[in-house]
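This report describes the fold and the ligand surroundings of a single model. Please consult the sequence and structure shown here while reading.

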Amino acid sequence: AILAPSYQIDRKQIQMIEALGHGQFGEVYRGILKTEQQIELNIAIKTCKEQDSLTTEKFLEEAYVMQKFDHPHIIKLIGVCTTHPVLLIMELARLGELRSYLVANRNDFDVITLLVYCQQLSSSLSYLETKKFVHRDIAARNVLVSNHECVKLSDFGLSREIDNSYYKASKGKLLPVKWMSPESSVFLQMAVILIVNVLYCFSEGIPNSDVIDKIENGERLPMPSPHCPPQLFDLMKECWRYEPSMRPSFTQIEDRLRFILKTERSNDNS
Ligand code: ATP
């Protein structure tokens with residue numbers, strides 16, 4: 001795979017500040033990148049513990065994928081250091097993982113904010129669809145929070161084992177192994193799972209993992225919380241229709257979410 005030369009970064013420009021967590025290949029840090037124009041950018045730095053070329057090549061696959069995307073709700077690749085130790089540098093999402101953010105701020109969320117997140121994520125997924133990419137691992141832990149009004153999709157690593165025989169790896173594609181049901185039209189199912197993840201993280205009761213199990217088993221869930229707008233619940237039910245061709249398209253999901261958001265906002269103001 002080829003990475004555009006403009007992504008090569010001199011490690012002298014990078015300052016690591018603190019560890020954010022463990023990635024699959026090594027520690028992830030928060031840091032600062034000083035550009036040639038002397039601008040300081042907040043960055044996240046992924047490190048790769050193993051230094052053999054097979055592992056570093058796998059590690060860099062995420063960068064190869066990320067360089068193709070330019071969307072306001074997808075974490076941007078800033079660059080790489082391809083000499084050892086190999087680093088992957090990307091835009092920092094200051095507030096970390098959506099899942100823990102939802103839990104930590106449980107009482108400060110209103111329906112409108114959650115709808116905004118859903119809409120942002122559905123726009124990033126439909127963008128990926130236009131690029132013919134499938135995010136293989138949609139889950140609230142792979143959605144990061146930049147600020148209270150803005151979430152972004154992250155984690156485009158390809159390297160985890162594919163454990164579902166329905167989907168065979170094909171070059172340049174991210175495979176939706178975990179959350180896909182075999183008959184599903186992949187993108188819709190992902191959008192639904194995301195929305196459900198967001199909504200159910202918010203509500204007490206059913207643990208997230210149970211939600212996924214239930215949907216994969218073809219069960220349908222009750223309305224997530226009394227605060228859930230009925231139109232949103234209707235949309236969710238349509239997305240869960242057994243017959244994939246009867247489910248709304250991605251564009252329709254986006255439009256409907258926009259409409260629900262507008263209604264909620266005007267209810268809020270009245
Ligand atoms: P996995 O595939 O198991 O998710 P990974 O190698 O893709 O692992 P991440 O989970 O993406 O690694 O990252 C590890 C930790 O670093 C997570 O806690 C994540 O929230 C944090 N992190 C990753 N990227 C960013 C970013 N751009 N901004 C802020 N935090 C980040």
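**Basis of the description**

Helices (H or I, at least four residues) and strands (E, at least two) are DSSP runs, numbered from the N terminus. This is a predicted model, in which local features need pLDDT of at least 70 and side-chain atom pairs count only at pLDDT 80 or more, whereas totals for chains, interfaces and linings use all residues. Residues are numbered from 1 along each chain as its sequence is written.

**Surroundings of the ligand**

Of the 19 residues around the ligand, Gly 21, Gly 23, Gln 24, Val 28 and Ala 44 come nearest. The elements that contribute two or more residues to this shell are β1 (14–22) and β5 (87–91); β1 gives the most, with 3 residues.

The shell comprises 9 nonpolar, 7 polar and 3 charged residues. Here Ala, Val, Leu, Ile, Met, Phe, Trp, Tyr, Cys and Pro count as nonpolar, Asp, Glu, Lys and Arg as charged, and the others, Gly among them, as polar.

**The sheet**

Two strands pair if DSSP finds at least two bridges between them. An open sheet is formed by 5 strands in the order β1-β2-β3-β5-β4, with antiparallel pairing. Because β1 and β4 (77–81) stand at the edges with a single partner strand each, one side of each is left without a neighbour in the sheet.

Strand β1 is joined to β2 (residues 27–34) by 7 bridges, and the two run antiparallel; Ala 19 has Tyr 29 in β2 as its bridge partner.

**Burial and helices**

A residue is buried if 20 or more other C-beta atoms lie within 10 Å of its own, exposed if 12 or fewer, and partly exposed in between, with C-beta atoms placed from the backbone. Strand β4 is mostly covered, as 4 of its 5 residues are buried. In α3 (residues 111–130), the buried residues include Leu 114, Tyr 117, Cys 118 and Leu 128.

Arg 99 lies in helix α2 (residues 98–104). Arg 99 is partly exposed because 18 other C-beta atoms lie within 10 Å. The C-alpha atoms of Arg 99 and Asn 142, 43 residues apart along the chain, are separated by 8.5 Å.

Notes. A residue is near a molecule or strand if its C-beta atom, placed from the backbone, lies within 6 Å of it. The expected span of a helix is 1.5 Å times one less than its number of residues.
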